[in-house]
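Please look over the sequence and the model shown here before reading on. The report that follows goes from the overall layout to single residues.

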Amino acid sequence: MPTLKGKLEITDFDKIIFKNESVQLHKDIIERVQNSFDFLKEFSENKIIYGVNTGFGPMAQYKIKDDERIQLQYNLIRSHASGTGNPITSQYVRAAMLARLNTLSLGNSGVHPSVIKLMGELLNKNIIPLIYEHGGVGASGDLVQLAHLALVLIGEGEVFYKGELRNTEEVFKLENLQPIKVELREGLALMNGTSVMTGIGLVNVLNTNRIMQWMIKASSAINEIVKAYDDHLSFELNQTKKHKGQRQIAEMMRTHLKDSNLTRKREHHLYNGSINEEVFVEKVQEYYSLRCVPQILGPVLDTLNSVEKILIEEVNSANDNPIVDVEKQNVYHGGNFHGDYVSLEMDKLKIVVAKMTMLAERQLNYLLNSKLNDILPPFVNLGKLGLNFGMQGVQFTATSTTAESQMLSNPMYIHSIPNNNDNQDIVSMGTNAALITKKVIENAFEVIAIELITIIQAIEYLKVQDQVSSETKKMYNEIRAIVPVFKEDVVMYPYVNQVKEFLMDSSK
């Protein structure tokens with residue numbers, strides 16, 4: 001059971017979000033949050049503190065009477081719970097909750113400890129607030145999406161509970177949970193931050209890493225299928241480039257192929273002085289989608305690692321306004337809620353995921369086009385040519401899905417639109433960026449699923465099951481357990497969806 005101490009790692013998100021491990025609050029966190037609350041309550045008595053005794057945004061010039069301060073917080077939550085569109089799926093909402101819980105636990109927001117205690121219980125009991133995709137501009141944080149979280153914490157709104165959408169009040173009664181009672185600035189503190197975009201972003205990082213691993217497997221297997229020369233993966237060649245990612249990809253592919261009986265050594269064939277042909281029957285080197293994988297996936301890996309670093313920094317940061325500093329006995333006003341860091345990283349991530357999708361689509365096309373590979377029937381058709389279609393139909397799906405991802409990969413980071421009476425005159429659109437990246441990632445899993453089905457059909461046609469590497473054989477067996485050998489045409493969409501689900505399975 002991960003214990004929350006105010007510092008999360010990517011492995012914590014994997015354990016809590018994907019493996020559903022419970023989260024436990026360390027006693028030091030409760031004490032830290034209590035101290036922050038007590039300090040802010042006393043500090044704000046004779047001072048003007050934004051969001052404690054002022055209005056919000058462009059209405060911050062209006063002082064709020066002491067007897068209306070608490071109502072101000074409830075008004076903020078209810079008025080901003082205004083999201084629309086599709087509900088954000090449970091996995092991503094849980095990640096957002098964990099991100100918000102962590103930043104509030106730093107003691108820089110002045111919330112009452114009841115807030116983080118209830119959020120921990122909701123996570124552990126798998127009670128998921130209804131949060132919509134549309135609504136956040138990512139400037140004063142994820143105001144609209146986080147308002148839906150805050151709405152649940154005050155006992156209102158709706159939640160997903162045991163697979164059903166139900167009223168929060170009903171579920172709280174069933175689980176014997178008490179809603180929070182706003183004490184000071186809990187409304188603003190819950191809503192003012194980047195936790196939705198960051199939570200979604202960290203799930204995107206974990207899923208992108210899974211895509212990367214499958215692309216290494218698929219790329220390695222295709223090199224085996226065509227009996228490629230292996231020097232493009234050699235330590236010596238890739239060491240002449242200084243990029244860490246390229247070197248790591250080449251090493252991972254060498255490890256995958258270490259016991260393959262299909263890849264070839266150039267010195268055994270082209271360097272032995274025995275070939276006297278004027279026109280070579282066999283290819284001297286492979287197409288780029290096979291030969292340049294370290295150079296293509298290398299920058300993807302480097303970018304993925306950089307994105308993870310920035311998002312982990314964000315999730316462990318105080319992204320609120322104002323910031324309470326108990327040690328310095330002061331409250332600082334600024335813009336830590338702004339989501340530009342996350343927005344930019346999500347744009348980077350979706351670009352590299354789209355590039356992986358394009359690589360998978362080109363590798364797929366290489367296998368399906370008999371004039372390119374010279375060893376497989378058209379569309380890896382194991383049936384009767386002309387009568388049967390093999391993988392022809394699903395190529396259309398892969399091509400159209402890849403095209404969608406290419407379009408979606410245009411940057412969101414630069415699409416700022418002023419709003420809030422121009423108080424928010426430049427915004428991040430970070431949650432939009434994270435959600436679009438989520439879509440690009442889902443598309444990638446679909447295309448790779450189609451590619452992997454094609455790869456195992458190719459292995460079947462060539463009858464090389466016992467010559468491929470042990471890693472490829474393992475992958476072959478995993479996919480073959482889902483998709484049977486087919487010569488006659490079959491309805492493909494159930495198999496593609498099942499393989500996609502398998503690829504996204506966090507236990508793999």
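How many Å separate the centres of domain 1 and domain 2, taken over C-alpha atoms? The two centres lie 36 Å apart, and the domains themselves, whose bounds come from an automatic or database domain assignment, are domain 1 (3-192) and domain 2 (203-504).

## Basis of the model

The model is predicted, so that local features need pLDDT of at least 70 and side-chain atom pairs count only at pLDDT 80 or more, whereas totals for chains, interfaces and linings use all residues. Residues are numbered from 1 along each chain as its sequence is written, and side-chain values use heavy atoms, with hydrogens and water left out.

## The chain as a whole

The chain has 20 helices and nine strands; these are DSSP runs numbered from the N terminus, with at least four residues (H or I) for a helix and at least two (E) for a strand. Taken along the principal axes, its C-alpha atoms fill a box of roughly 95 × 45 × 45 Å.

Of the 508 residues in the chain, 54% are buried, where buried means under 20% relative accessible area, exposed means over 50%, and partly exposed lies in between (1.4 Å probe, protein chains only). Among the contacts with a separation of 6 or more, 77% join residues 24 or more positions apart, a contact being heavy atoms within 4.5 Å.

The interface of the two domains holds two salt bridges by the rule used, which asks for a side-chain nitrogen of Lys or Arg within 4 Å of a carboxyl oxygen of Asp or Glu. The side chains of Asp320 and Arg185 meet in a salt bridge, at 3.0 Å from N to O. Between domain 1 and domain 2 there are 18 residue pairs in polar contact, with both residues at pLDDT 80 or more; such a contact is a pair of N or O atoms within 3.5 Å, where within protein one must be able to donate a hydrogen and the other to accept it, and residues adjacent in sequence count only if both atoms are side-chain atoms. Several helices, including H1 (10-18), H2 (27-43) and H4 (90-104), each supply at least two residues of the side of domain 1 that touches domain 2, and H4 gives the largest share of that side, seven residues.

## Helix H18 and the residues around it

Helix H18 (residues 430-462) has 33 residues and reaches 48 Å from its first C-alpha to its last, close to the 48 Å expected at 1.5 Å a residue, the expected span being 1.5 Å times one less than the number of residues. H18 is mostly covered, with 26 of its 33 residues buried, and it is followed by Lys463, whose phi is positive, near 55°.

Leu376, in the loop between helix H16 (370-373) and helix H17 (392-408), is buried at a relative accessible area of 5%; apart from neighbours within four places in sequence, Leu376 is in contact with Leu367, Ser370, Ala458, Tyr461 and Leu462. Thr357 lies in helix H15 (residues 340-368) and counts as buried at 0% relative accessibility, and, not counting residues up to four places away in sequence, Thr357 touches Thr402, Ala444 and Val447. Val485, by contrast, is partly exposed, with a relative accessible area of 40%, and is found in the loop between helix H19 (470-480) and helix H20 (493-504).

## Backbone exceptions

Most residues other than glycine have a negative phi, and most peptide bonds are trans. The peptide bond from Asn321 to Pro322 is cis, with omega near -5°, and Pro322 sits in the loop between helix H14 (293-315) and strand E8 (323-325).

Asn176 is not a glycine, yet has a positive phi of about 55°; Asn176 counts as exposed, at 64% relative accessibility. Val380, also not a glycine, has a positive phi of about 45°, but Val380 is buried, with a relative accessible area of 1%, in the loop between H16 and H17.
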